[in-house]
Structure formats: structure tokens, C-alpha cells
Amino acid sequence: MDDIGQLQKRLEDAGYVAEPDLAATLLLFTQLRRPLLLEGEAGVGKTEIAKALARAFDTRLIRLQCYEGLDASAAVYEWNYQRQLLAIKIQESEAHSAEEKEEHIFSEPFLLRRPLLEAITQPDPPVLLVDEIDRADEEFEAYLLEVLSDFQISIPELGTVEASSVPYVVLTSNATRELSDALLRRCLYYYVDYPSVEKELRIVSARLPEVGQRLAGQVVAFVHALRELDLRKKPGIAETLDWVAALLRVKVSDLTERPEWVAQSLVCLLKTREDRAAVTDEVVERLVARLP
Amino acid sequence: MSDAQPRPRDRGAEAAGNPLAGRILDFVDGLRRDGFRAGVAEELDALEVAARVGIVDRRRLRWALRSLLCSDVDEWRRFDRLFDAYWQPANRRARVQAVPGVPLQGAAGQGPAGGTRPLEQEGAGEGDDSGAGSGGVQGGASERELLEKTDFRLLLDEAQMRACERLAEHLARRMRRHLLRRERIARLGRRVHMRRTIHRSLQHGGVPLELAWRRRRERLPRLVLLLDVSRSMSLYSMFFLRFARGIVAAFDDAHAFAFHTRLVPVSEALRDRDPERMRDKLAVLSLGWSGGTRIGESLARFNSGHGRLLGSRTVVVLVSDGYDTGAPELLGRELAKIHDRARRLIWLNPLLGREGYEPVAQGMQAALAHIDLFATAHNLESLAALEPELVR
């Protein structure tokens, strides 16, 4: 059990509170060197896990944000067309052969490294965060899988780039669509849930040490009660922290003292119109009345 | 039958004569029967992981195998129970049998339900085990085939229904994958917008420094599903709702409505990730509905309230048996409106799959003139046949 405890400690020093089962998964992840897929609702801190890993291992974090239509030129590499054209212009008067000119403009200085290429050409293994993989399309997913199994990228003009180090690959997904079987089978899986009350309390006090015990307890209890409601977009950890920061700024130290502040500052927690409408003043009152 | 000595299975040298390996493989096998994606590669991985973390500390074994073998929330949530059922020495039989979500094979009535498999295997005699592994897999495939052909209303037991619902949902997702692939083949990469590129190059002395790209055309259809959930449809409603759930989850631009005397948008409820909670939400939505079906009125409601969804990209799929208690003229008029504005109007009628059914219901008669496709939808196979129609 000790190595798990050690990893937990390391992550905590890096500013992340990890449950033992998460630490066990992360340990396995570093040992097996397989990609890790973190799935969970938006705002449960999936990205934060990758960042904390990078800090804990004292290595670089390279992030690839996925979106629909993401293609190889944005994810792997691209030639710097503008620079190439300028170089051609400049060389026009020089007496180089066409081959020499071509070789010149298809050389390293004209290559724009995008995250995937960047990640496999590092001297030390970085953490490669492929964020929101479910937003990219299936085509890209297949390409990513290829890179993740071969750890080499071929650039027609330059040849094949072999990985100088194998990155720790963390993928996150909000499960908006089903990922391909091949990818799922390749990855370790961890489902990130909303934090428990204790965990969220520790996060709040770690990030905003100036918050009092009482307010922290009330805020976390309130947010947890909100998550129980049937909302379209449940408040995540970032929302909790925003709210605490906002409350601190207006010097609230006890939610029950000023229930009207709660209602007014709910914009920090509820981000859609439907949710704002669903959480009426009466609901807020009821929730506040139940606070410790 | 002692728990300490399960029979090692015939899978690689690791397993031979190693009771731990045998149990791990047996456990993975049980998961597979419960619908987990676990093949030979996963078995080898599980062995490696088990060798690494050992089985003395059950918590570590659980966490490690869970990360390795699960690949979605559903499996993640079921894993702990399955793990306990297999690895906890006390009360094993009772626990195993309490495991819900019986896999497809269980419904076949041949042999034990999947969840109980590991135990049964240990208890079984020496003789019949050798071929059990591969036999089970085949059983699964044919069972799935059988489910695809079975009329929804003939599915009686709960497990079969759930399995079928899950298939309906997967089907919807697969459709999207196919449609996307088709679209991708049609569109060969990014294209340069020549006119704009040349225009922009003017400020650089004619050198095309800034390339302008053509915007990619959006080809996936917008789907509007209108589901009849009246009593005469009750045997089918849940399947179509699950199918709609798959559609709504897989297509960004899909909208689902349920109706019998009123029309209610259900996309939001369908997006709920937990199928049980979705059932509850839908039940609340349909509370207080009286009997009868007013298809015409419901469609009028759709046209006036949600007509903006209709357009040249929109495919409307109406699922109903056509038993309408309202005026047939109204139904015809409203259908014509939809037909005029949408790209395609498809009417799925589950009754069409029955022997000897003729669309004689008055509502159906009024409708036939205005629909592009009148098709059956009484089993999964007929739902799957819908796919090419969506991109017409």
C-alpha cells in the first residue's frame, strides 16, 4: 500500500487531493505506460489531474485541446507556409538549384510543431493531455491511436520522427459521444465523480486558505445540495472556488446571516438560464435553512 | 467445490497450473459475459496487472482491474458489485445471483445466466467444461441476432427488454458513425478558396501568403423524432424512447418529442445519462395525460411551436400506429405542412410488421399521401434499415 500512499503524498504536494483508488490507478498508469482515459461530467477536475501529474513528476505538460474538425495540421505539425513563401521570394535572386531551395524550405526551421509531435520529441517524458477527446471526430481518434501505439510520426518531406521519449498520455472525455472500441481497449479508465464533501473542503481550504472553516463548510454543503437538484449544468469545483472567492470579496463569513447574498451571487454557480429559473428564492431559502 | 481450487483454463502458459491466473481469467470471462469489452489482450493485461499488484490486497486488485477492464460509466458502476460477487468468499452464491443486468446470453435459456457463470463453472463436473468458453460466445452472437429479429412486443422478460433497449441505443450511435464516414469520404480534405486567396494576395504583391479556406458544408441531417406514446403504442414506446435517446446523444442536431394528447419536448430528459432516471423523468412528463391519441393536434402544436426546426436539412421521423382519435383532415393538413418544409418525412409504424396488417385506420389513410417513406419498425433489424433513408 505504501507506493500508493507515496504517490498520494506527491500529488498532494503538487496541490491535488487524490483518493486512494485514483492514486492506485495513476500508479498503474505510470507503470504500464498505457494511456489513461478520464471520464466524467464537466467541472469535476479531470484536467486538473493531468496538471497535477505533470507537477508531481516535475515534467512538462503538453496540452492538445480537441474540437470538432481538429485535423493533423493542428494536432501534429504544419509547414509554415508564410515563411516558406517569404524564403522563396528572398532566394529568387540567389543561384541555388531548385532541389537546394526545396530542401531549404522543407527543413526544421519551417516546421511548426503541434502538440503531438512536440510531445514525442522531448528529452524527458512529458505529460500529454488530450483534452475532451470526445469532441474530436472519429477520424482523428483513429490517427491518435496510431501515434499512441507506434510512437512515431511520419512527415513525408522529412522522414519518420521516432519518439525520443514516450509521454504519459492522459485523455479526458465528457462522454458526449461513444469513443471507438479500439481506443477504449487501449486505455486505462477512470471515472471521475464530483468530489466528496471532505475532498471538496480540502480543495477549497488549499486553494483559498483565507476562507474560514465555517464558510467553507457551508459553501461546500450548499454546492453539494445544488448538485442533488435536477440541473442542466451542475456546478463544478471551479464554480465552487469562484463562489468562495466572490463571497470573500464581499466579506461574507456566514451564509445564514445574509441569505439574500446567496441568491444574488448564484451567478457564480448556475450558468444557464433554465437553471437560474429552476433555483428560485424559495429553493435557496430551503437549502440555506439546512446549512450547518 | 472449494473456492481455493478453480479449474485453470486453457489460455497461455501463464494460466497453466497457476490457480491465481485461472481465477483471474475466469473473472474476466464472467465480465465478458456481462457485456464488458474484454478480449484475449485484456486477459493477458489482467494477468500482468494481477501479478504486479498481487491478490493479497483486494482493494488494490479491485482498483487495478477496474481501471483496466472498464471502459465507460456503466461498466464502472457495475464493476464493484461484480468484483465482490466473484472475489468475496462469504455468501458468494447469493451475491452473484443478485447481480442485475443479466447479459444477452442469459435470455437464451441455454445454460446459466452470465453473472452466475464463474460459480457454476466451479461447481460443474469435470466433463463439460472444455468447450464452454467458445460455445458461450457463439451463443451470445446468435442470441443477439435473435433479439434483432424479434418483434418488440414479444419481448417479455425484463432482461431481454433492457438488452434490446440497449441495442437500440447502440444502433443510433452506429448510424451516426456511418453517416459521418460517408460524409468524410465525400469531402476530400480542406479546399482552398481560390477567389478569396487571390484577392488577399493582392496586398502582398500577388504572393498568396494568406490562404483562404472553403468552409466545410454541414451534411449531417437535422433529425426530428416525433414519438407516439399512447396506450396502443405502449408495448413499443420504451424502445423508441431508448432509440431516440441514442439518436439525441449521437447527433448534435437532433430533437425528440413525445405525444399522445399533448406534445412534449423530451430531448432534455433523454439526455440524462442514467437510464433509470430518464424513465422517471419521462414518467413525470407524461403524468396526467388522458387516454386517446390526438396525432393531428399534436402535430399542429409542433408546427406552431417548433416549426423553426423544419428546413432543407431536416428529416422528420414520426413513430406511430396511426390510431388517431382526432379528425383525420387535421392530421392530413398538418402532415402536409411538415412535408412541405422538411427534406424528408418518414412514418414508422410498428404494426406494419405484423402479418395481415393493412393501414386502414382513418388517420393512416389521411397520412399516406403526405409521407415520403412508410416503413415498419417493429424490431431492431427494421430500425437499422432506416439508416440509408436518413441521408437521402
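**Why do we call it that?**

Visitor: Which residues on the other side of α1(A) are exposed?
Guide: They are A:Asp2, A:Gly5, A:Gln6 and A:Asp13. Exposed means that 12 or fewer other C-beta atoms, placed from the backbone, lie within 10 Å of the residue's own; buried means 20 or more, and anything in between is partly exposed. This is a predicted model, where local features need pLDDT of at least 70 and side-chain atom pairs count only at pLDDT 80 or more, while totals for chains, interfaces and linings use all residues. Residues are numbered from 1 along each chain as its sequence is written, and chains are lettered from A and ligands numbered from 1 in the order in which they are written.

Visitor: Which residues of α1(A) are called buried?
Guide: A:Ile4, A:Leu7, A:Gln8 and A:Leu11 reach that buried cut-off.

Visitor: What makes the buried residues of α1(A) line one face of the helix?
Guide: Looking down the helix axis, they fall within an arc of 105 degrees, so they line one face (the arc takes the directions from the axis to the C-beta atoms). An α-helix has 3.6 residues a turn, so residues three or four places apart point the same way. Among the elements covering the buried residues of α1(A) are α2 (20–32) and α3 (46–56) of chain A.

Visitor: How do you know that the length of α1 in chain A is close to the expected one?
Guide: Helix α1 runs over residues 2–13, and its 12 residues reach 16 Å from first C-alpha to last, close to the expected 16 Å. The expected span is 1.5 Å times one less than the number of residues. After α1(A) comes A:Gly15, with a positive phi near 90 degrees.

Visitor: Why are β6 and β7 of chain A said to pair?
Guide: Pairing needs at least two DSSP bridges. Strands β6 (residues 152–155) and β7 (residues 159–162) of chain A have 4 bridges, in the antiparallel sense, so they pair. One of the bridges links A:Gln152 to A:Glu162 in β7(A), and a hairpin of 3 residues joins the two strands.

Visitor: What counts as a helix or a strand, and how many are there in chain A?
Guide: Both are DSSP runs numbered from the N terminus: helices are H or I with at least four residues, strands are E with at least two. Chain A has 15 helices and 9 strands. Of its 292 residues, 33% count as buried.

Visitor: How many residues does the contact take from chain B and from chain A?
Guide: The contact takes 23 from chain B and 24 from chain A, where residues are in contact if their C-beta atoms, placed from the backbone, lie within 7 Å. On the side of chain B that touches chain A, α4(B) gives the most, with 5 residues.

Notes
Contact = placed C-beta atoms within 7 Å.
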